[in-house]
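Subject: Structure for your review

Dear colleague,

Please find below the structure that I am handing over to you. I would be grateful if you would look through it alongside the notes that follow.

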Amino acid sequence: MSTPYEQLGDSGVRRLAETFYTVMDERIEAKTIRAMHAECMNEITEKLYEYLCGWLGGPSRYADKYGTVCLTGPHKPYVIGADERDQWLDCMSIALDRIGASDVLKVQLKRPFFTIADAIRNSE
């Protein structure tokens with residue numbers, strides 16, 4: 001069985017990161033998490049791409065660059081509760097749809113994405 005990284009390919013992972021932030025920028029329902037980001041999202045888009053590469057089973061670009069894959073530290077300054085988690089998950093789900101991810105891959109990633117998004121919560 002291939003990894004999600006192999007299924008998407010490097011360019012697909014990059015498109016996923018880019019599309020995720022495009023969706024976040026477009027959706028009024030994601031305004032709370034959008035407000036946590038700079039106006040220009042180029043840097044955070046690159047970080048998400050790097051993180052997803054390793055997390056999806058590809059090269060460990062994020063860890064190689066930053067020395068860790070722990071996401072709680074970078075998110076600590078923000079209040080992240082269930083609503084923010086769900087906004088993030090909604091944006092990611094839409095992004096997966098927009099890049100044409102297979103239904104099998106979307107099902108494969110649903111629980112792991114929830115687990116990681118929930119682990120970043122620091123508020124009810």
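In this predicted model, helices α6 and α7 pack with their axes 10 Å apart, at an angle of about 155°. Because angles over 145 degrees count as roughly antiparallel, α6 and α7 are described as roughly antiparallel to each other. Their crossing is right-handed. On the α6 side, the residues that meet α7 are Arg-85, Trp-88, Leu-89, Met-92, Leu-96 and Asp-97. Their partners in α7 are Lys-106, Leu-109, Phe-113, Phe-114, Ala-117 and Asp-118. By type, the residues of this contact comprise eight nonpolar, no polar and four charged.

Helix α6 also packs against helix α1. The axes of α1 (residues 4-26) and α6 (residues 82-98) come within 8 Å and cross at roughly 125°. That angle makes α1 oblique to α6. The crossing of α1 with α6 is right-handed. Here α1 contributes Leu-16, Thr-19, Phe-20, Thr-22, Val-23, Met-24 and Glu-26, and these meet Trp-88, Cys-91, Met-92, Ile-94, Ala-95, Leu-96 and Arg-98 in α6. The residues of the contact of α1 with α6 divide into 10 nonpolar, two polar and two charged.

What lies at the nonpolar centre of the model? As general background, nonpolar side chains in soluble globular proteins tend to be buried together. In this model, the largest nonpolar core has 37 residues. Those with the most contacts inside this core are Val-13, Leu-16, Phe-20, Leu-52, Trp-88, Met-92 and Phe-113. Helices α1, α3 (42-55), α6 and α7 (103-119) each supply at least two residues of the core, and the largest share, nine residues, comes from α1.

Leaving aside neighbours within four places in sequence, Met-92 is in contact with Leu-16, Phe-20, Leu-48, Leu-52 and Phe-113. Met-92 also takes part in the contact of α6 with α7 and in that of α6 with α1.

The other residue is Gln-87, which is found in helix α6. Is Gln-87 buried or exposed? Its relative accessible area is 13%; because buried means under 20%, Gln-87 counts as buried. Not counting residues up to four places away in sequence, Gln-87 touches Glu-29, Ala-30, Lys-31, Thr-32 and Ile-33.

Yours sincerely,
A colleague

Definitions and conventions
Residues numbered from 1 in each chain as written. Predicted model: local features only at pLDDT ≥ 70, side-chain atom pairs only at ≥ 80, totals over all residues. Heavy atoms only, no water. Axes fitted to C-alpha atoms, helices over the stretch in contact; angles between N-to-C directions. Helix = DSSP H or I, 4+ residues; strand = E, 2+ residues; numbered from the N terminus. Parallel < 35°, antiparallel > 145°, perpendicular 65-115°, else oblique. Left-handed = near helix turned anticlockwise from the far one by under 90°. Contact = heavy atoms within 4.5 Å. Nonpolar A, V, L, I, M, F, W, Y, C, P; charged D, E, K, R; others polar. Buried < 20%, exposed > 50% of the residue type's maximum accessible area, 1.4 Å probe, protein only. Core = buried A, V, L, I, M, F, W, Y, C linked by side-chain atoms within 4.5 Å.
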